[in-house]
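I am opening my notebook on this model.

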Amino acid sequence: DALRARGNAAFQAKRTEDAVDHYAEAIEALDLHPPNDEERARLDPLRATLRLNLAACKVRLGRWSDVVDLCGQVLEVQDMNPKALFRRAQAFLELSELDRAKADVDLLLSLTPEDRECQRLRAQVQLKREAERIRQHKVFSRLFK
């Protein structure tokens, strides 16, 4: 918990690389000792929080593949975690994996339909999908002229 607190403080102070180090160290410490079922129930939410915090750092750093991996790990345990879905959708959007971004956004909006950030993300995905569709249409129309 001390490492998480240090990570939080570093993140708030915009020392993102330091926050990455603290969160990664905390996750590693938890992963060193495989828990029994009782400990797992207690520690899984902490692991998820640490991974989400680390993913937030990776968003700030533009490390989109890391964001996808971290959020995917959270979603393996908490399949409807809104923060994990939101951050992974952001990452998919940045990686131009637009179908995957849309799938996460659709699931996210089924959980939080009134959330303005989610609606904004959906609009970004839709715009990028439309731009990609237009780009592909132009490419293919040139091929067949």
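My helices are DSSP runs of H or I, at least four residues, and strands would be E runs of at least two, numbered from the N terminus.

Two notes on method. The model is predicted: I need pLDDT of at least 70 for local features and 80 or more for side-chain atom pairs, while totals for chains, interfaces and linings use all residues. Residues are numbered from 1 along each chain as its sequence is written, and side-chain values use heavy atoms, with hydrogens and water left out.

**Helix α3, continued**

I looked for a bend next, as the angle between axes fitted to the seven residues ending at a residue and the seven starting there. A kink of about 35° lies at Leu43, shortly before the proline Pro45. At the N-terminal end I found a cap: a side-chain oxygen of Asn36 lies 3.0 Å from the backbone nitrogen of Glu38. Just after α3, Gly62 has a positive phi of about 70°.

**Charged pairs**

How many salt bridges does the structure hold? I count 14, taking a salt bridge as a side-chain nitrogen of Lys or Arg within 4 Å of a carboxyl oxygen of Asp or Glu. For accessibility, buried means under 20% relative accessible area, exposed over 50%, and partly exposed in between (1.4 Å probe, protein chains only).

Asp1 pairs with Arg4 at 3.5 Å, N to O. Asp1 is exposed at 65% relative accessibility, and Arg4 is partly exposed at 26%.

Lys58 pairs with Asp66, with the closest N and O atoms 3.3 Å apart. Lys58 is buried at 11%; Asp66 is partly exposed at 30%.

Lys102 pairs with Asp106 at 2.6 Å, N to O. Both sit in helix α6 (residues 98-111), four residues apart, about one turn of the helix. Lys102 is partly exposed at 32%, and Asp106 is partly exposed at 36%. I also noted a network: salt bridges with shared partners join Asp31, Asp44, Arg47 and Arg51.

**Asn81**

Is Asn81 buried or exposed? Asn81 is buried, with a relative accessible area of 12%. I placed Asn81 in the loop between α4 (64-77) and α5 (82-94). A polar atom of its side chain lies 3.0 Å from the backbone nitrogen of Ala84. I list contacts as heavy atoms within 4.5 Å. Leaving out residues up to four places away in sequence, Asn81 touches Leu52, Val74 and Leu75.

**Cysteines**

I searched for disulfides, meaning pairs of cysteine sulfur atoms within 2.5 Å. The count is zero. Cys57 is in no disulfide, and the nearest cysteine sulfur, that of Cys71, is 12 Å away. Cys57 is buried at 0% relative accessible area.

Definitions and conventions: Polar contact = N/O pair within 3.5 Å; in protein donor to acceptor, adjacent residues only side chain to side chain.
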